[in-house]
Amino acid sequence: SRKILQAGSVEQIVSLLHKALTEIKVYHEKNSQNKKQRAVEIVKSYIAKHYKEDVSLKEAADIVYFNPKYLGELFKKETGMYFNEYLVEYRLDLAKEMLLDVRQRVGEVGEQVGYQDAKYFSKLFKKYVGVTPKQYKKMFS
C-alpha cells in the first residue's frame, strides 16, 4: 500500500500489483493443496475407525464436503490407490495380523475386518495376498 503510493510510475504500480497478485495466487494454491491433503487424511482416519462397517466413497465424501467423483480422483492422486483399493488393503493388512493369532478362526477374522461372507473374504484375500487365509495362517503357525 505505501509502496504503491511511493511508486514513481504506472509501470512500478503495475509491477507491485503483479507481485502482490502472484503472492496471493501462490498462497491460495498452497492453502488449497493443504485442504486436499487434509481431506484425504480425514478419509483415511475415517476408514481406520469404520473399516468394519459398509464404508462408501459417497459417505466419505459427505464427511469432507466433496463431490464423490472428485474425492475419488483426489484420493487416487494423493495415495496412489482408489478408495476401494485402499479400504480392501487396509482391511486385509489387519486380517493378516489377526491370522497370526492361532486362536482366531478365518471366518471370525473376516467378520472382524468387515466381511460378513467368509467365502468372499477368502476369495478376496487370495486375490490380494496370493494365498487363502487358511494357507496364510499355516505359513506362520
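In this predicted model, Val129 touches Lys96 and Tyr136, once its neighbours within four places in sequence are set aside. Val129 belongs to helix H7. Between the C-alpha atoms of Val129 and Asn84 the separation is 16 Å, and the two residues are 45 apart along the chain.

**Helix H7 and its surroundings**

Helix H7 runs over residues 118-129. Its 12 residues reach 16 Å from first C-alpha to last, close to the 16 Å expected at 1.5 Å a residue. Phe121, Leu124 and Phe125 are the buried residues in H7. Viewed down the axis of H7, the buried residues fall within an arc of 105°, so they line one face of the helix. The face of H7 turned away from that buried side carries Lys119, Lys123 and Lys127, which are exposed. On the buried side, the packing partners of H7 are helix H5 (83-99), helix H6 (106-112) and helix H8 (133-139).

Both ends of H7 have a local feature. At its start, a side-chain oxygen of Asp117 comes to within 3.0 Å of the backbone nitrogen of Lys119. Just after H7, Gly130 has a positive phi of about 100°.

**Helix H5**

H5, one of the packing partners of H7, has 17 residues that should span 24 Å at 1.5 Å a residue; its end C-alpha atoms are 24 Å apart, which agrees. The buried residues of H5 include Phe83, Tyr86, Arg91 and Met98.

**Aromatic rings and charges**

The model has 10 aromatic pairs. One of them joins Phe75 and Phe83 edge-to-face, at 5.8 Å centre to centre and 70° between the planes. Phe75 counts as buried because its relative accessibility is 0%, and Phe83 counts as buried because its value is 3%. Ring pairs also link Tyr115, Tyr120, Phe121, Phe125, Tyr136 and Phe140 into a cluster. Within this cluster, Phe121 and Phe125 are buried residues of H7, while Tyr136 is in contact with Val129.

Two charged side chains lie over tyrosine rings, as listed below.

| Charged residue | Ring | Distance to ring centre |
|---|---|---|
| Lys76 | Tyr82 | 4.7 Å |
| Arg91 | Tyr115 | 4.8 Å |

Arg91 is a buried residue of H5, and its ring partner Tyr115 is a member of the aromatic cluster.

How values were computed:
Residues numbered from 1 in each chain as written. Predicted model: local features only at pLDDT ≥ 70, side-chain atom pairs only at ≥ 80, totals over all residues. Heavy atoms only, no water. Helix = DSSP H or I, 4+ residues; strand = E, 2+ residues; numbered from the N terminus. Expected span 1.5 Å × (residues − 1). Buried < 20%, exposed > 50% of the residue type's maximum accessible area, 1.4 Å probe, protein only. Arc of directions from axis to C-beta. Contact = heavy atoms within 4.5 Å. Polar contact = N/O pair within 3.5 Å; in protein donor to acceptor, adjacent residues only side chain to side chain. Phe/Tyr/Trp six-rings, centres within 6.5 Å; stacked < 30°, edge-to-face > 60°. Lys NZ or Arg CZ within 6 Å of the ring centre and 35° of its normal.
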